[in-house]
2 protein chains.
Amino acid sequence: MAKGSVIVLSGPAGSGKSTVRERLIARNPDFRYSISDTTRKPRPGEKDGVDYGFVTVEEFREGIAAGKYYEFAEYAGNYYGTPVSQLVPFTDRGINVVLEIEVQGAMQVRAKDENAVLVMLLPPSFSVLESRLRGRGTECEESVQRRLAKARNEIEYFMNYDYFILNADGCIDECVRQLEVIAETQKYRTKNNSDFPVNFLLN
Amino acid sequence: MAKGSVIVLSGPAGSGKSTVRERLIARNPDFRYSISDTTRKPRPGEKDGVDYGFVTVEEFREGIAAGKYYEFAEYAGNYYGTPVSQLVPFTDRGINVVLEIEVQGAMQVRAKDENAVLVMLLPPSFSVLESRLRGRGTECEESVQRRLAKARNEIEYFMNYDYFILNADGCIDECVRQLEVIAETQKYRTKNNSDFPVNFLLN
């Protein structure tokens, strides 16, 4: 049986990545969401081991030193990281594990795991992104500008990703389907089946 | 619009690649079969411009010198080659062009066109291949042995291909579907959409 893939999903705020990821997981038993560790405090309603693994700064640093993390990054004074234990036991059983992480973490994955699949979710254009962020009506102008500046930076990493998916308005299900076929085709990659030729000749 | 892909389909005699390719083309208007040039004589029923472009050795050599061929190879004293004119006008319009070629030609494609997609079609095992070749009942033992030796050689190029598709008995439609999704996901590859970021920011 082919192993599952590590699928990194990135995209600017307003790209819809959480919605796409949630729907993907909800309708596919062979996909799993990786739960990150973080040193930030839980927000109301967040549960340890469900939304994040909440750890102390000391615990996180010990984890880094011990090679616990597949990737990690620091944002706004807090650590975020993906424990290896969230990946290998699942991919070994053919489960695809989805990491919803920022560009910084994705580039670590790119450098260390050539079999990981990097997918960037994007709105059709910058102006669509802008109107989505304003349309939320929950963010002040300064926050909108900050997110737009971040998106401008993120798109510069486009070519470091393997695939991109276009999330036009009302296209969540089509995005999920595209992510499913991207994951499916990883099973047909020769590099993920390097033991095939030997088994072929012996059987 | 994303360009179409050049899809190289290889596989040993008995892998079913002609059947898979024919069914793929028959049911997809956005797939096209590339018609090779050859210097061998037409067999009964073969038509110039349909099965092959039948050319003289002189014409073929002039074509090589003029850069006419995307890939070419010599088998059993005859040239076979894919004219560039069979590819670019179609891929530019979003059509996927399927090349059914041998490992030798596929390796030329690998070296010169990083966007081409190389797919190897294989039976589940060597013993299945052997029984299929014998089951045809049309080939002498010497011919069977020659084809098996060739298959043993071909499988050594497995890792030089991007994808492989397993053609178990009775699975032609599933093979066609897998080839379709492999082709589909090429449209989502960032490397095939390098102009996206600039257009994104300008719109």
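Strand E8 (residues 117-122) and strand E9 of chain A pair in the parallel sense over four bridges. Helices (H or I, at least four residues) and strands (E, at least two) are DSSP runs, numbered from the N terminus; strands pair if DSSP finds at least two bridges between them. A:Leu122 stands opposite A:Leu166 in E9(A). The model is predicted: local features need pLDDT of at least 70, side-chain atom pairs count only at pLDDT 80 or more, and totals for chains, interfaces and linings use all residues. Residues are numbered from 1 along each chain as its sequence is written, while chains are lettered from A and ligands numbered from 1 in the order in which they are written.

In chain A, five strands form an open sheet in the order E2-E7-E1-E8-E9, with parallel pairing. Its edge strands are E2 (31-33) and E9 (163-166), each pairing on one side only. The twist averages 25° from one strand to the next.

Helix H1 (residues 17-27) of chain A lies across E1 (6-10), E2, E7 (96-100) and E8, running at about 160° to E7(A). Angles, from 0 to 180 degrees, are taken between N-to-C directions of lines fitted to C-alpha atoms, for helices over the stretch in contact. Contact requires C-beta atoms, placed from the backbone, within 7 Å. Helix H7 (residues 172-186) of chain A lies across E1, E7, E8 and E9, at about 165° to E8(A).

Chain A can be laid on chain B with an RMSD of 0.0 Å by a turn of 180° and a shift of 0.0 Å along the axis (least squares on C-alpha atoms of residues with pLDDT of at least 70 in both copies). The two copies are thus related as by a two-fold rotation axis. In chain A, the C-alpha nearest the axis belongs to A:Val181, 3.2 Å from it. The same surface serves both copies: 100% of the contact residues of chain A recur in chain B.

Note on methods. Contact = placed C-beta atoms within 7 Å.
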